[in-house]
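Visitor: Please walk me through this structure. I would like to learn how to read its features as we go.

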Protein chains: 2
Amino acid sequence: MSDILTKRADDHAQWYNDLVLKADLAEHSEVRGCMVIKPHGYAIWEKMQAALDGMFKATGHVNAYFPLFIPRSYFAKEASHVEGFAKECAVVTHYRLKSDPEKGIVVDPEAKLEEELIIRPTSETIIWNTYRGWVKSYRDLPLLVNQWANVVRWEMRTRLFLRTAEFLWQEGHTAHATKAEAIAETERMLEVYARFAEEWLAMPVIKGLKTPSERFAGAEDTYCIEALMQDGKALQAGTSHFLGQNFAKAFDVVFTNKENKQEHVWATSWGVSTRLIGGLIMTHSDDHGLVLPPKLAPTQVVIVPIAKNGEQLAAISAYVEPILQGLRARGITVKFDDDDQKKPGWKFAEYEFKGYPVRIAIGPRDMENGTVEVARRDTLEKQVMQVTDIVEKVEHLLQAIQDNLFQKALAMRERSTRVVDTYAEFKQAIEEGGFILAHWDGTAETEEKVKQETKATIRCIPLHGDRTPGTCMVTGAPSAQRVIFARAY
Amino acid sequence: MSDILTKRADDHAQWYNDLVLKADLAEHSEVRGCMVIKPHGYAIWEKMQAALDGMFKATGHVNAYFPLFIPRSYFAKEASHVEGFAKECAVVTHYRLKSDPEKGIVVDPEAKLEEELIIRPTSETIIWNTYRGWVKSYRDLPLLVNQWANVVRWEMRTRLFLRTAEFLWQEGHTAHATKAEAIAETERMLEVYARFAEEWLAMPVIKGLKTPSERFAGAEDTYCIEALMQDGKALQAGTSHFLGQNFAKAFDVVFTNKENKQEHVWATSWGVSTRLIGGLIMTHSDDHGLVLPPKLAPTQVVIVPIAKNGEQLAAISAYVEPILQGLRARGITVKFDDDDQKKPGWKFAEYEFKGYPVRIAIGPRDMENGTVEVARRDTLEKQVMQVTDIVEKVEHLLQAIQDNLFQKALAMRERSTRVVDTYAEFKQAIEEGGFILAHWDGTAETEEKVKQETKATIRCIPLHGDRTPGTCMVTGAPSAQRVIFARAY
């Protein structure tokens with residue numbers, strides 16, 4: 001099947017699009033900018049959800065659900081938030097259709113809402129309007145709430161998973177008694193995201209702070225994790241915001257502190273979305289199709305029998321049974337594909353293309369020899385293994401694949417990260433892609449100038465690594481530390 | 001806390017509303033008809049989702065996600081569907097807001113959609129429009145797809161969980177090569193719902209068919225499960241629809257069958273929603289607060305230490321530790337509430353009100369005697385038990401509570417189910433509430449007359465039980481079998 005896929009080197013964007021469509025992950029719907037997430041793609045999202053949800057709960061969070069609709073007036077309450085979010089959004093103005101003898105089904109002009117409703121692009125406003133009723137005293141704090149939901153941002157240029165009008169995500173919204181606690185929460189959730197990206201997606205990330213101009217609208221500080229895709233472009237993979245008291249002030253959420261004084265509540269919010277599926281694809285997949293880290297693969301192992309007739313198939317099925325049981329007992333998901341309408345070669349191509357991490361083939365000769373043939377998707381290597389201890393071997397192999405994918409992606413990122421000192425060097429380097437570590441004078445003007453001239457943005461001010469001061473590559477003014485520039489998705 | 005709750009006998013509707021609000025399950029948002037599902041309520045929904053999702057997967061279904069928005073024109077394609085659904089709905093007409101120097105944030109009149117988008121009230125139309133591209137041959141069938149999603153129906157009179165403008169649900173949408181297969185699927189999913197209601201919610205249900213006038217808009221047959229609430233009103237708890245070829249014809253979904261002929265695909269759809277939480281509450285809860293079946297309780301066991309000082313608390317904590325470990329090892333969720341800011345009495349009231357199935361209290365004397373005090377929420381009985389084997393005893397007790405709740409609800413339903421033969425008897429019986437088994441002549445006219453005169457509807461034509469023919473209680477015309485009448489939510 002890989003011949004139906006554009007090569008990455010020929011056209012990375014086309015390769016990505018082909019892959020998403022042909023590996024049955026998602027497709028465009030007829031509704032502008034909205035995607036259909038197909039079962040194979042949704043199964044990856046379910047695995048992501050389960051892992052993240054477990055990590056949220058382990059850090060004391062609970063889930064809740066808030067309305068899809070936000071009254072227009074809520075957006076006017078937090079001044080910077082409205083600038084960032086209320087612009088391109090879906091607006092509900094009516095609540096009824098009617099049949100028209102000539103035009104068919106039309107909007108009933110009588111059923112006009114007094115105040116328009118916005119489909120949530122993010123839920124800070126409606127949640128903080130609700131928190132007003134939930135918080136009275138310091139004993140009600142912290143509120144550690146997460147929501148799994150769909151949101152809508154009316155994007156003009158969309159790409160499957162990476163940027164769609166409607167997408168699925170989780171949004172955490174927490175309320176705290178002190179600034180220090182809220183900042184600690186913001187940082188804790190950034191750590192959760194980084195750990196999730198590296199341990200589950202096998203996608204190395206840089207943790208950092210956004211510059212003021214790239215901050216979330218309404219945040220005091222936006223922390224992010226940034227990943228590097230194979231084509232040398234950056235992907236913002238998750239953000240965690242310290243919101244200060246901005247939303248508490250806008251929505252009048254106050255509490256009585258231990259000293260019996262009224263104070264505004266401190267806030268955070270943090271989210272990751274189905275965009276991560278796009279990041280997963282662009283980090284690991286190749287010209288042969290999808291490559292999935294075992295921890296997020298909907299099915300980790302597929303077993304394909306090589307049988308010439310029903311008798312052989314029956315014998316192989318019996319041979320396979322204890323392997324299936326053994327794998328399942330260790331929590332490994334496995335499919336035995338005994339569909340005799342499809343040839344093994346067709347199945348091999350299909351499972352390779354769809355990114356099954358491990359494929360086991362078993363024919364009559366394997367049974368005679370007490371062996372199986374094991375193929376790993378990440379390296380495409382095949383190996384004949386003794387069937388003894390095959391369950392343990394497969395378990396180790398899955399872990400080895402998970403580790404290898406991370407190491408490979410990390411090596412790629414390291415190869416593609418450069419330190420530059422002059423703007424001339426920078427302009428050349430940016431054409432080759434990758435992360436560029438350079439000094440910046442801290443002004444929005446310089447940031448904007450670089451963006452206009454090179455299409456590169458400051459991805460983040462890294463929290464770790466070299467923090468030596470220097471001079472801005474553009475203006476020569478003092479710089480506190482190098483920041484990361486890249487062109488980005 | 002139970003003194004803050006209206007008694008059921010005084011005002012059942014007020015009792016329900018009080019309970020939902022005061023047990024922190026949900027609240028009204030400022031957005032008309034939309035609720036906020038609070039963490040305690042959402043945790044019940046998560047448990048329901050996990051159980052149902054497992055049952056769907058065990059029957060071969062996979063999850064996917066389709067757009068929130070449905071173009072207006074899709075509704076015109078299936079004639080009866082539009083009558084049922086496209087009327088009261090949220091309509092998106094614009095995609096941008098703008099700042100107005102005088103009015104603040106306003107809808108940008110320039111940003112008007114060419115075709116309005118409807119927020120899905122149910123997804124048959126957009127899904128069948130998508131299936132057109134997925135189905136070519138009988139080899140692509142069946143498609144067994146489920147979606148977890150939010151939907152919106154612009155209800156004028158809303159009640160928390162039972163009827164809200166936005167609600168959460170799952171909707172299964174399957175496509176089959178033959179009519180028989182589609183009917184078998186419709187019935188299979190009805191069985192899944194019935195099993196879920198009885199085994200998880202401990203809520204007995206009657207399986208039946210809806211009359212033509214109560215059918216889902218666009219269905220050939222609607223199967224349902226009907227439950228009886230404590231106030232004698234019925235609750236439709238889930239529906240499974242055989243859609244025939246209606247949507248395949250409306251959206252032109254054809255496949256090549258084994259005989260190489262083009263044929264329209266056969267369809268089903270089925271759904272349950274957050275309404276089930278309302279059913280759960282009204283089936284089991286009492287004047288003391290919420291009663292939850294252990295299988296759906298967010299936390300099944302709570303342990304409250306009775307300590308006068310820090311030393312005693314430390315001793316009790318040590319005593320409790322192996323119990324906590326033992327319960328958790330068996331998959332039982334347990335909370336040890338060692339918050340020394342709250343008195344035990346306050347905790348008892350709180351956990352009773354919020355429906356924790358089992359409460360264990362441990363004081364210094366218990367430690368001396370090697371005992372614990374165990375209270376069960378369903379009967380409010382307390383018992384001193386030896387701490388030996390306490391884990392096994394609690395496990396059995398949880399099962400006993402689950403069983404008792406079901407049996408109690410079943411006995412209530414049986415007490416409240418009457419067989420009547422005359423319309424005069426019927427009119428009297430309906431005032432007392434409950435299910436009424438009566439003969440009906442099968443016409444929409446008679447059904448409507450009964451509804452107008454008594455507010456009772458035909459809940460279903462039962463699939464099981466007495467199917468002896470008779471004569472209609474209203475018209476005396478022949479009746480194939482008794483049907484179930486009730487006033488309903």
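**A guided reading**

Guide: Start in chain B, where strand S18 (residues 358-362) and strand S19 (residues 371-376) pair in the antiparallel sense over four bridges. Strands here are DSSP runs of E, at least two residues long, and helices are runs of H or I, at least four long, numbered from the N terminus. Two strands pair if DSSP finds at least two bridges between them. This is a predicted model: local features need pLDDT of at least 70, side-chain atom pairs count only at pLDDT 80 or more, and totals for chains, interfaces and linings use all residues. Residues are numbered from 1 along each chain as its sequence is written, while chains are lettered from A and ligands numbered from 1 in the order in which they are written.

Visitor: Which residue is the bridge partner of Arg359(B) in S19(B)?

Guide: Ala375(B) is that partner.

Visitor: In what order do the strands of the open sheet in chain B stand?

Guide: The order is S17-S16-S18-S19-S20, five strands with mixed pairing. Strand S17 (334-336) and S20 of chain B are the edges, each pairing on one side only. Neighbouring strands are turned by 25° against each other on average, direction ignored. For such angles, axes are lines fitted to C-alpha atoms, for helices over the stretch in contact, and angles run from 0 to 180 degrees between N-to-C directions.

Visitor: Which helices pack on the sheet?

Guide: Helix H9 (residues 310-329) of chain B touches strand S16 (301-305), S17 and S18, and its direction makes about 170° with that of S17(B). H12(B) touches S16, S18, S19 and S20 of chain B, and makes about 10° with S19(B). Contact means that the C-beta atoms of two residues, placed from the backbone, lie within 7 Å.

Visitor: Is Phe353(B) buried or exposed?

Guide: Count its neighbours. A residue is buried if 20 or more other C-beta atoms lie within 10 Å of its own, exposed if 12 or fewer, and partly exposed in between, with C-beta atoms placed from the backbone. Phe353(B) has 21, so it is buried. Phe353(B) lies in helix H10 (residues 344-353) of chain B. Its C-alpha is 9.2 Å from that of Arg377(B), 24 residues apart along the chain.

Visitor: What should I look for in the backbone?

Guide: Look for exceptions. Most residues other than glycine have a negative phi, and most peptide bonds are trans. Asp389(B) is not a glycine, yet has a positive phi of about 60°. Asp389(B) lies in the loop between strand S20 (382-386) and helix H12 (390-415) of chain B. Asp389(B) counts as exposed because it has 12 C-beta neighbours inside 10 Å. Lys455(B) has a positive phi too, near 65°, and lies in the loop between helix H14 (444-454) and strand S23 (457-462) of chain B.

Visitor: Which peptide bond of chain A is cis?

Guide: The bond from Leu141(A) to Pro142(A) is cis, with omega near -5°. Pro142(A) sits in the loop between helix H5 (124-134) and strand S8 (143-152) of chain A. In chain B, the bond from Leu141(B) to Pro142(B) is also cis, with omega near -5°.

Visitor: How are chains A and B related?

Guide: Superpose the copies, by least squares on the C-alpha atoms of residues with pLDDT of at least 70 in both. A rotation of 180° with 0.0 Å of shift along its axis places chain A on chain B (RMSD 0.0 Å). That is the relation of a two-fold axis. In chain A, the C-alpha nearest the axis belongs to Val92(A), 2.1 Å from it.

Visitor: How many residues are in contact between the chains?

Guide: 49 residues of chain A are in contact with 49 residues of chain B. Strand S5 (residues 88-100) of chain A gives the largest share of chain A's side, ten residues. S5(A) and strand S5 (residues 88-100) of chain B pair in the antiparallel sense over five bridges. His94(A) stands opposite Val91(B) there.

Visitor: What does S5(B) pair with inside chain B?

Guide: S5(B) runs antiparallel to strand S6 (residues 104-107) of chain B, joined by four bridges. The two form a hairpin with three residues between them.
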